[in-house]
Amino acid sequence: MEITETILRFGLGLLVISLMMGVCMYAVLAERKVSSWIQGRVGPNRTSVPLIGSIPIIGRFLTRLGIFQPLADGGKFLFKEDVVPAHVNKVYYVLAPIIAFIPALVTISVVPMGQYLDAAGELKTLILADVDVGILFIFAFASLGVYSIVLAGWAANSKYPFLGGIRASAQLISYELAMSLSIIPVFMWVNGPGTDGTLSLIRVVEAQSGWWFVFTQPLSALIFLVALFAETNRLPFDMPESETDLVSGYHTEYSSFKFGLFFVGEYANMTVGAAVMSLLFFGGWQPLPGITWAEIAAWSGQPLNVGVLGAILAFGCFAFKTLFFLFLFIWVRWTVPRFRYDQVMRLGWRWLLPLALANVIVYAIVITVLDAGLPSFLQF
Amino acid sequence: MAVKTIERKPLTLAERTYLPQIFGGLIITLRNMLFRKKVTVEYPEERPPIPPGYRGVPTLVMDPDGREKCVSCQLCEFVCPPKAIRITPGGIAEESEYAHVEKAPQEFEIDMLRCIYCGLCQEVCPEEAIFLQTTYSVTGTTRAEFVNNKKKLYEMGGTIPDKHFKWEKKRKAAEHGNAH
């Protein structure tokens, strides 16, 4: 029994990791395709595989869509020459891409992906590790990612990676503050009086069975989204890379598979970020604002929240939102130009941080009033 | 020139938050993505339209009666800036009915690795025998493949219908007794 449980856990872990890798691979493809479409081009549309590619209409359609392109991209990263420049600090040079990659995979393990009732009528959650510190765990591991950039910038021992590393560390530390502060109101609301204190994302989603937090706390959502862009180093906060002024920043000296790890790590971070965004503010697996799957099931008389069907529906809903935010990441990247470094710093410290602080205070007062009523000196 | 100072309006709060602008930009890019016509020409299958006067591969051409127009005057060889043209002068074969009427190149080579597609050869040719065609894609795997010899030049050039009936005039002049 014990061994079966372990194997099952292991299998689930592999499943989630391969799902994550799949999403990352196709996020890269989506990036290329969406950028092409936005710029009036067609994007990668030639790569094909022998059998599937030769099915009359479908094969051609998939080829035109670039469905097989990630295979070619991945193969290229695997088989290119792995250059290690002579002037690098070898240990940290090798360590940096690994550190870039691992936190993203670790954080996905505490992201809940859906809920359903099993045959016994018990509520089950699709999650690898249901830890009660949920969001804190994600933040703690996600901020490890900055070490990869700092290490890469330092170990490469040349000027552009160095500058990129410095910028990245400054930017990530600055926006971490605003990001953490922006979600405090959410957890103040979730942890109402008389409940056990929790930082679990499952509870956050359950608390959004009514209105989603994006409607009740739009400013928190906005600050969190902006900080998320900065934390994942996406345009318009593309400081560490900034191709135009820093060649390509911290991974200038990297090639082949190590570069691939950085690349996939960035998209893995984006995926986790998009997932957390949809869980915190957009109701996770709740289908529509104000409605839950249980209510829909009761209304339609179909077991839409039970068993495999329930799991698929809830996960599909969550996946749809996450993919939308991934698309938003890409969409914004090809719309907004990059900020200057001082603008990024000013936005982080002089706008987002005070705004997030004010947000916490305002919501603290509002939530107190809602829970406990007006204080006596304000009552007439 | 008088300097005209323009009063800049101070930005409104909405403009300073930068968000409406980003939102407007997102709408524009989404519209581009969904509705804009693609500008890509998918090259090997689709070819770009060639404008008139395009300077592609230089070739030799024949007149409508299938005679070679080049008289191996070598002007193109001399004018060619990168010295891509090499002509071995010669005459028309003895068994031809046009022997001794005109000269013709024995061999005519254009090195496409040297050619800069300037079109001076076409411009200088008094016989209108050399023309730049619309072919722009010249490929090969050896240096020798890029040297177009006379046979290949005529194959690529073909016949150009022209209005100069030089041979006809010469024949008529000869019938009237003055050879030139």
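Modeller: Happy to! In chain A, α1 (2-38) and β2 (123-125) each give at least two residues to the lining of the second largest pocket; helices (H or I, at least four residues) and strands (E, at least two) are DSSP runs, numbered from the N terminus. This is a predicted model, where local features need pLDDT of at least 70, side-chain atom pairs count only at pLDDT 80 or more, and totals for chains, interfaces and linings use all residues. Residues are numbered from 1 along each chain as its sequence is written, chains are lettered from A and ligands numbered from 1 in the order in which they are written, and side-chain values use heavy atoms, with hydrogens and water left out.

A pocket here is an open set of points on a 1 Å grid over the protein atoms alone, where a 1.4 Å probe fits, with protein on both sides within 12 Å along at least five of seven lines; lining residues have an atom within 4 Å of a point.

The second largest pocket is lined by 21 residues, and A:Leu12, A:Thr125, A:Leu126, A:Ile127 and A:Leu128 lie nearest its centre. With 7 residues, α1(A) supplies the largest share of that lining.

As for the largest pocket, 36 residues line it, with A:Val226, B:Thr17, B:Tyr18, B:Leu19 and B:Ile22 nearest its centre. Two or more lining residues come from each of α12 (218-231), α16 (307-333) and α17 (341-372) of chain A, and α1 (13-17) and α2 (19-35) of chain B. Here the largest share, 8 residues, belongs to α12(A).
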